[in-house]
Amino acid sequence: MSTLFEKIGGDAAVNAAVDIFYRKVLADDSISHFFETTDMEAQHAKQKAFLTMAFGGPNNYTGADMRKAHAPLVAKGLNEDHFNAVAGHLQATLEELNVPADLIGEVMAIAGSTKDDVLNR
Amino acid sequence: MPEIIYQGKAYPCQPDETVLDTLRRNGIEVPYSCCAGACHTCMLHCLKGEVSERSQKDLKPALKNLKYFLACQCVPEQDVEVALPDDEDVYVSARLVEKEQLSPTVWRFRLEAAVPIYYHAGQFLNLKNEAGWVRSYSLASLPNEDEFLELHVRRMPDGQMSHWLIDHFSVGMHIEIEGPNGHCLYTDGEPERPLIMVGTGTGLAPLVGILRDALHQGHRGPIHLYHGVRTHDELYLHESLLAMAQQHNNVYYHACVSGDEPAEGLQAGRAADIALGEHPDLKGWRVFLCGAPEMVQQTRKKAFLAGASMQDISADAFTTPEH
């Protein structure tokens, strides 16, 4: 039985998705300020790490890591609306890449499972 | 089993161990995070030996060329010597062989290093003078075509080092150099792709190096070079770039003047605005940005939003130290 990560297309699929996804996020004025940074390359690599995780791929992130990484953003006002906006861009990215609906559902479930940690609740 | 050589010591690998595993098992602190090849936190520089293809798979072509790799993805098959990317500052002496004023504010320096420096056009050197001041300057020369290392120095109103270089550093004198550094450079393999380059001030130096390197390596796609200055007398390589555009029908040189009324043949406005205005869709382009940090950061974002892939955007922001 192949994993979700393999079914979606593995690393190649993540690579195809990350530019599209990060572009959508940056172009969204309601959330782009959380992603504005002088080091766009490092931020881009973080987006790739996030997509790898959401695709069910290899990662070592724990809930504690998620909390720590997002705590400064929560202090700046990161809330559920922002979380949902990012999730919407993830879904739109996968639709644009013609990922089958059932697999998109699985990815969105993984992304959704991080919500409490991301929002430090 | 192969060994990892790090800071002069050898550490034997265990079966199937990655470079990161071996270093960590021996108590060596190197930065790392995801251990899945995604975050790039554990990137190291391979000084000797070969690293696996897998450990370089997602790196920018320029970083691959320079033998950077991800320690968490590399199970070495032979001995490798590795270093942290910023672990290697070794200075060597260089002698000034030529100094020429190119504009009211810019001078060209040609240096001869005491030992050969293996570099790519577009990388930069750190210069350290006798007072211990260190500043970075980009290389405008080509290693296989030019005998000397060429740097362009602009007199900065508050720039101690630029005043010292221009006023006191004369032909025959020596200075300490370290490098090369940076990964804003031409990578071969796709000679048809269009290139767009935007440089402000002496951000032109690395771009001219990269442009000449691209032509030297047989690049056939269009190459658009935008040089941005405030006043037209700051267009310090104007004649030679016009000549280069005449000689090569795939080279387009755009001289952009933002501060005063431009003369004939020059374009009015900021170089980055003009470049992106003329090329609103950058899908498939390779982008090179050098010069003022604000310009580089803003244009990197705009170029990415205009469709350029992050892998294809190379940038060098000329940060100036605080005084």
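# Exercises on a two-chain model

Across the interface of chain B and chain A, six residue pairs come out in polar contact, both partners at pLDDT 80 or more. Keep in mind that the model is a predicted one.

## Exercise 1: the interface

Task: work out how chain B and chain A meet, and which part of chain B supplies the largest share of its side.

Solution. Start with the residues: 21 from chain B and 20 from chain A take part in the contact. Next, the area. The two chains bury about 1700 Å² between them, and 56% of that is on carbon and sulfur atoms. Over in chain B, the residues that lose the most area to chain A are B:Lys301, B:Phe304 and B:Met310, together 31% of what that side buries.

Now for the charges. Two salt bridges are counted between chain B and chain A. The side chains of B:Arg300 and A:Glu41 meet in a salt bridge, at 3.6 Å from N to O. As for the largest share of the chain B side, helix 7 (residues 293-305) of chain B provides it, with five residues.

## Exercise 2: helix 7 of chain A

Task: check the length of helix 7 of chain A, then find how its buried residues are arranged around the axis.

Solution. First the length. Helix 7 covers residues 101-113 of chain A, and at 1.5 Å a residue its 13 residues should span 18 Å. The end C-alpha atoms are 18 Å apart, so the two agree.

Second, pick out the buried residues: A:Leu103, A:Ile104, A:Val107, A:Met108 and A:Ala111. Looking down the axis of helix 7 of chain A, these buried residues fall within an arc of 135°, so they line one face of the helix. On the other side of helix 7 of chain A, A:Asp102 and A:Ser113 are exposed.

Third, ask what the buried residues pack against. The partners in chain A are helix 1 (4-8), helix 4 (40-54), helix 6 (80-96) and helix 8 (115-118).

## Exercise 3: helix 6 of chain A

Task: do the length check on helix 6 of chain A, then look at what sits at its start and just after it.

Solution. Helix 6 of chain A has 17 residues, which should span 24 Å at 1.5 Å each; with the end C-alpha atoms 24 Å apart, that agrees. Its buried residues are A:His82, A:Phe83, A:Ala85, A:Val86, A:Ala87, A:His89, A:Leu90, A:Thr93 and A:Leu94. They pack against helix 2 (10-27), helix 3 (32-35), helix 4, helix 7 and helix 8 of chain A.

Now the ends. At the start of helix 6 of chain A, A:Asn79 has a side-chain oxygen that comes within 2.9 Å of the backbone nitrogen of A:Asp81. Just after helix 6 of chain A, A:Asn98 adopts a positive phi of about 60°.

## Exercise 4: two single residues

Task: B:His238 and B:Thr320, buried or exposed?

Solution. B:His238 lies in helix 5 (residues 238-247) of chain B. With a relative accessible area of 18%, B:His238 is buried, since the cut-off is under 20%. Leaving aside neighbours within four places in sequence, B:His238 is in contact with B:Tyr253, B:Ala255 and B:Leu266.

B:Thr320 lies in the segment after strand 17 (313-317) of chain B. At 55% relative accessibility, B:Thr320 counts as exposed. B:Thr320 and B:Ser136 are 184 residues apart in sequence, and their C-alpha atoms are 9.3 Å apart in space.

How values were computed
Residues numbered from 1 in each chain as written. Chains lettered and ligands numbered in written order. Predicted model: local features only at pLDDT ≥ 70, side-chain atom pairs only at ≥ 80, totals over all residues. Heavy atoms only, no water. Helix = DSSP H or I, 4+ residues; strand = E, 2+ residues; numbered from the N terminus. Expected span 1.5 Å × (residues − 1). Buried < 20%, exposed > 50% of the residue type's maximum accessible area, 1.4 Å probe, protein only. Arc of directions from axis to C-beta. Contact = heavy atoms within 4.5 Å. Buried area = accessible area lost by both parts, 1.4 Å probe. Salt bridge = Lys/Arg side-chain N within 4 Å of Asp/Glu carboxyl O. Polar contact = N/O pair within 3.5 Å; in protein donor to acceptor, adjacent residues only side chain to side chain.
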